[in-house]
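Visitor: I would like to learn how to read the features of a structure one at a time. Could you take me through this one?

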Amino acid sequence: MHFFVILKTLVKNLFSKPATVKFPFEPREYPEGSRGQVVIDTSTCIFCGLCQRKCPTAAITVVRAEKKWSIKRMQCISCGACVDACPKNSLKLDTKYYTPDVTKKEDTYNA
Ligand code: SF4
Ligand code: SF4
């Protein structure tokens with residue numbers, strides 16, 4: 001009995017597509033709602049600082065006078081609180097692949 005179950009699974013696996021993709025040679029399709037890296041559109045940002053105040057890990061720093069927006073990538077947990085709080089829809093969670101980094105760097109963007 002078990003033999004037929006195994007045989008059925010074996011035949012099914014032989015003729016079905018693999019569940020994985022040959023990443024990075026094949027592009028990865030992310031499911032809807034995936035959370036990636038926070039990206040900013042500085043052309044629409046008004047440097048109000050709301051994202052900074054809503055961030056639970058203090059990853060964002062906004063300097064209004066200098067029109068400067070910074071994020072400490074290693075501190076971000078991709079919760080999306082900043083994206084939801086932004087009144088200008090300047091932030092989004094991008095699902096594009098970014099090369100992992102082990103340095104505690106801060107990315108800074110200016111208007
Ligand atoms: S909440 Fe939006 S508009 Fe305000 S500083 Fe952050 S990114 Fe800019
Ligand atoms: S996604 Fe969450 S942790 Fe990351 S910067 Fe935005 S509010 Fe902070």
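Visitor: Is Asn13 buried or exposed?
Guide: Buried means under 20% relative accessible area, exposed means over 50%, and partly exposed is in between, using a 1.4 Å probe and protein chains only. Asn13 counts as exposed because its relative accessibility is 52%.

Visitor: What kind of model is this, and how are its parts numbered?
Guide: This is a predicted model, in which local features need pLDDT of at least 70 and side-chain atom pairs count only at pLDDT 80 or more, while totals for chains, interfaces and linings use all residues. Residues are numbered from 1 along each chain as its sequence is written, chains are lettered from A and ligands numbered from 1 in the order in which they are written, and side-chain values use heavy atoms, with hydrogens and water left out.

Visitor: In which element does Asn13 lie?
Guide: Helices (H or I, at least four residues) and strands (E, at least two) are DSSP runs, numbered from the N terminus. Asn13 belongs to helix α1, residues 2-14.

Visitor: How do β2 and β3 pair?
Guide: Two strands pair if DSSP finds at least two bridges between them. Here β2 and β3 (residues 68-72) are antiparallel, with four bridges. One of the bridge pairs joins Val63 to Lys68 in β3. The two strands form a hairpin with four residues between them.

Visitor: Which residues of β2 are on its covered face?
Guide: In β2, residues 60-63, Ile60 and Val62 make up the covered face, while Thr61 and Val63 are on the uncovered one.

Visitor: Which residue in the hairpin turn has a positive phi?
Guide: Lys67 does, at about 50°, although Lys67 is not a glycine. Lys67 sits in the loop between β2 and β3 and is partly exposed, because its relative accessibility is 46%. Ala58 is also not a glycine and has a positive phi, of about 55°. Ala58 is in the loop between α2 (50-54) and β2, and at 47% relative accessibility Ala58 is partly exposed.

Visitor: What is Lys67 in contact with?
Guide: Contact means heavy atoms within 4.5 Å. Leaving aside neighbours within four places in sequence, Lys67 contacts Phe47, Tyr109, Asn110 and Ala111. For Lys67 and Asn89, 22 residues apart in sequence, the C-alpha to C-alpha distance is 17 Å.

Visitor: Where is Arg73, and what does its side chain join?
Guide: A polar contact is a pair of N or O atoms within 3.5 Å; within protein, one must be able to donate a hydrogen and the other to accept it, and residues adjacent in sequence count only if both atoms are side-chain atoms. Arg73 is in the loop between β3 and α3 (81-85), and its side chain has a polar contact of 3.0 Å with that of Tyr109. Arg73 is buried because its relative accessible area is 17%. Not counting residues up to four places away in sequence, Arg73 touches Gln37, Val38, Lys105, Asp107 and Tyr109.

Visitor: Is Ser90 buried or exposed?
Guide: Ser90 is buried, at 4% relative accessibility. Ser90 is in the loop between α3 and β4 (91-94). With residues up to four places away in sequence set aside, Ser90 touches Val39, Ile40, Asp41, Thr44 and Cys45.

Visitor: How many disulfides does the structure hold?
Guide: A disulfide is a covalent bond between the sulfur atoms of two cysteines. The criterion is a pair of cysteine sulfur atoms within 2.5 Å, and the structure has zero disulfides. Cys48 is partly exposed, at 29% relative accessible area, and Cys51 is buried, at 9%.

Visitor: Which residues are around ligand 1?
Guide: A residue is near a molecule or strand if one of its heavy atoms lies within 4 Å of it. Around ligand 1 these include Cys45, Cys48, Cys51 and Cys86, as well as Phe47 and Trp69.

Visitor: How do the shells around ligand 1 and ligand 2 divide by class?
Guide: Ala, Val, Leu, Ile, Met, Phe, Trp, Tyr, Cys and Pro count as nonpolar, Asp, Glu, Lys and Arg as charged, and the others, Gly among them, as polar. The shell of ligand 1 has 11 nonpolar residues, one polar and no charged. Ligand 2 is surrounded by 13 residues, of which Cys55, Cys76, Cys79, Gly80 and Cys82 are the closest. That shell has 10 nonpolar, three polar and no charged residues.
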